[in-house]
Amino acid sequence: MSTTSTTNRFRGRAGRRIAATIVAAVALGLGATACGPDSDAADSSGSSASSTASPSQQASSQPTSGSSSGNSGSQGQDGGGAANAGRSLTIVGTMEYLAPGKLIVKPEDGGTDQAFLVANATNIRGAAAICTAPDGSVAIGDDGYGTAKCTVDELEKAAKTNSVTVRVTMDRKSGGADTVAEKYHP
C-alpha cells in the first residue's frame, strides 16, 4: 500500500467522522433548544430565548408536568394534569382571567399554573358555564366536555368566576390555545 492511498483513506475517514460529529452536535443543539423547557441555550440569532420572552411568554412556554408521547396529535385527558404531544400541551384545571386574551389554567393535579392566549381562531366549546347550546340546554359530548361553540368574550367572562374547569390544548411554543373545552359539572 502506498503512502498516498493511506493518506487519502485517512482523510476520507476523518472527514466523515468530522461531518458525523458536526451533524450530531447540530441535532443535539436543535433538540435542546426546541424541546428543553429549562434550556437557556441560545437561538439562531445568538440571544437567549428565556431572556427575550415576556414573563407571560416564559410561563406559557414551559410545560407543567406529564410525559412525552412522541409526535402524535393532541391528547385529551379526563383527569387533571397535563399531557404532552409533540408541540401540543393539554392541561385540565380551573380557568382564571389574567388580561384580555390571556387566561391561566390551574392544573387539577396541583402542578404549576399555565398561562395561555386565546383569539378568535381558538376553538372554544362550552357545556353550561361558558355558554350553552343555542336552545339554552346543556351541551356535552360522550367525554363529558362541552360541545357548544362559544366566543372569546363568553370564555373571558366565565374565567373571571375562577370556578370553571376546562381542558386546554395549546401550542407549547407560542402559548396560544388551539382548543378550550369546558368540563361539565352537574
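**Strands, a helix and a disulfide in a predicted model**

Two bridges join β5 to β6, and these strands run antiparallel. Here strands (E, at least two residues) and helices (H or I, at least four) are DSSP runs numbered from the N terminus, and two strands pair if DSSP finds at least two bridges between them. The model is a predicted one, in which local features need pLDDT of at least 70 and side-chain atom pairs count only at pLDDT 80 or more, while totals for chains, interfaces and linings use all residues. Residues are numbered from 1 along each chain as its sequence is written, and side-chain values use heavy atoms, with hydrogens and water left out.

In β6, the bridge partner of Gly-126 is Ala-148. β5 also pairs with β8, this time in the parallel sense, over three bridges. Within β8, Val-180 stands opposite Ile-124. Buried means under 20% relative accessible area, exposed means over 50%, and partly exposed lies in between, with a 1.4 Å probe and protein chains only.

The next feature is a covalent link. Cys-131 and Cys-150 form a disulfide, with their sulfur atoms 1.8 Å apart; a disulfide is counted when two cysteine sulfur atoms lie within 2.5 Å. Cys-131 lies in the loop between β5 (123-126) and β6 (148-149), and Cys-150 in the loop between β6 and α4, so the pair ties together parts that are 19 residues apart in sequence. The link of Cys-131 and Cys-150 is left-handed, with -75° about the S-S bond. Cys-131 counts as buried at 7% relative accessibility, and Cys-150 counts as buried at 7% too. By this rule, the count of disulfides comes to one.

Attention now turns to helix α4. Its buried residues are Val-152, Leu-155, Glu-156, Ala-158 and Ala-159. Seen down the axis of α4, these buried residues fall within an arc of 160°, so they line one face of the helix; the arc is that of the directions from the helix axis to the C-beta atoms. The face of α4 turned away from its buried side carries the exposed residues Asp-153 and Lys-157. What covers the buried residues of α4 includes β2, β3, β5, β7 and β8. In the loop between α4 and β7 comes Asn-162, with a phi near 55°, a positive value in a residue other than glycine. Asn-162 counts as partly exposed, at 42% relative accessibility.

In soluble globular proteins, nonpolar side chains tend to be buried together. The largest nonpolar core in this model has 24 residues, and those with the most contacts inside it are Met-95, Phe-116 and Ile-130. Such a core is a set of buried Ala, Val, Leu, Ile, Met, Phe, Trp, Tyr and Cys residues joined through side-chain atoms within 4.5 Å. Phe-116 is in contact (heavy atoms within 4.5 Å) with residues including Leu-103, Ile-104, Val-168, Met-170 and Val-180, leaving aside its neighbours within four places in sequence.

Strands β3 and β4 (residues 114-117) pair in the antiparallel sense over four bridges. Val-105 has Gln-114 in β4 as its bridge partner. The two strands β3 and β4 form a hairpin with six residues between them, and Gly-110 in the turn has a positive phi of about 85°.

Two threonines complete the picture. Thr-90, in strand β2 (residues 88-99), is buried with a relative accessible area of 1%. The side chain of Thr-90 makes a polar contact with that of Thr-169 (3.4 Å). A polar contact is a pair of N or O atoms within 3.5 Å; within protein, one must be able to donate a hydrogen and the other to accept it, and residues adjacent in sequence count only if both atoms are side-chain atoms. Although Thr-90 and Val-180 are 90 residues apart in sequence, they are 9.6 Å apart in space, C-alpha to C-alpha. Thr-165, in strand β7, counts as buried at 8% relative accessibility. Its side chain makes a polar contact with the side chain of His-185 (3.3 Å).
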